[in-house]
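Work through the exercises below with the sequence and the model at hand, and try each task before reading its solution.

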Amino acid sequence: MSSDSGGYELPLRMLLGFRAVIDEVHAELAEHGHAELRPMHGFLFQAVGRVGGPYGCTAADLGRALGISKQAAGKHIEALERLGYLRQGHDPTDARRKVYTLTERAVDMLDRSARIFDRIHERWARQLGADRLAQLEQDLRTVTPGEVFRFDTPNWFAG
């Protein structure tokens with residue numbers, strides 16, 4: 001079966017699939033007390049957990065990981081700290097370093113998100129068939145780079 005729409009439809013359909021999933025996740029998160037969150041925040045929370053040292057990460061760490069300026073990262077940090085998702089800590093090896101870690105509220109949001117993503121995946125498996133969805137996922141692994149999580153994706157859209 002071939003498509004008459006030309007090559008442009010494939011990336012747009014993949015983007016629409018991404019958007020449909022993310023919109024559904026955020027709608028359900030809003031129902032559970034996380035209405036103020038935006039898709040960018042998910043990338044930020046993942047980066048905090050992965051790029052920081054044992055005591056947390058700095059605004060500069062986040063900026064580098066997300067492909068944004070230290071100042072832009074600082075604005076996100078301030079907003080998320082105010083909303084109760086990040087807490088400021090101290091690096092005992094360097095008192096000048098302001099480091100940030102996830103709060104229990106952020107961990108709750110990440111846990112809820114994971115469960116929602118799993119439910120959406122299960123629904124798609126029922127709609128498309130589990131074998132067909134597994135093949136789609138394998139095909140996408142074949143044609144896309146190996147790194148599944150790119151922190152700089154939000155900045156790529158803005159750039």
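At 1% relative accessibility, F45 counts as buried, where buried means under 20% relative accessible area, exposed over 50% and partly exposed in between, with a 1.4 Å probe and protein chains only. The model is predicted, so local features need pLDDT of at least 70 and side-chain atom pairs count only at pLDDT 80 or more, while totals for chains, interfaces and linings use all residues. Residues are numbered from 1 along each chain as its sequence is written, and side-chain values use heavy atoms, with hydrogens and water left out.

**Exercise 1.** Classify the ring pair of F45 and Y85 as stacked, tilted or edge-to-face.

*Solution.* Rings of Phe, Tyr and Trp (its six-membered ring) pair if their centres lie within 6.5 Å, and planes under 30 degrees apart count as stacked, over 60 as edge-to-face and the rest as tilted. Here the centres are 5.5 Å apart and the planes stand at 35°, so the pair is tilted. Next, locate the partners: F45 belongs to helix α2 (residues 39-51), whereas Y85 lies in the loop between α4 (70-82) and β1 (86-91), 40 residues apart. Finally, Y85 is buried as well, with a relative accessible area of 0%.

**Exercise 2.** Is H32 buried, partly exposed or exposed, and which side chain does its own side chain contact?

*Solution.* Begin with its position, which is the loop between α1 (9-31) and α2. The relative accessibility of H32 is 38%, so this residue counts as partly exposed. Then turn to its side chain, which makes a polar contact with the side chain of R112 at 3.2 Å; such a contact is a pair of N or O atoms within 3.5 Å, of which, within protein, one must be able to donate a hydrogen and the other to accept it, and residues adjacent in sequence count only if both atoms are side-chain atoms.

Key:
Helix = DSSP H or I, 4+ residues; strand = E, 2+ residues; numbered from the N terminus.
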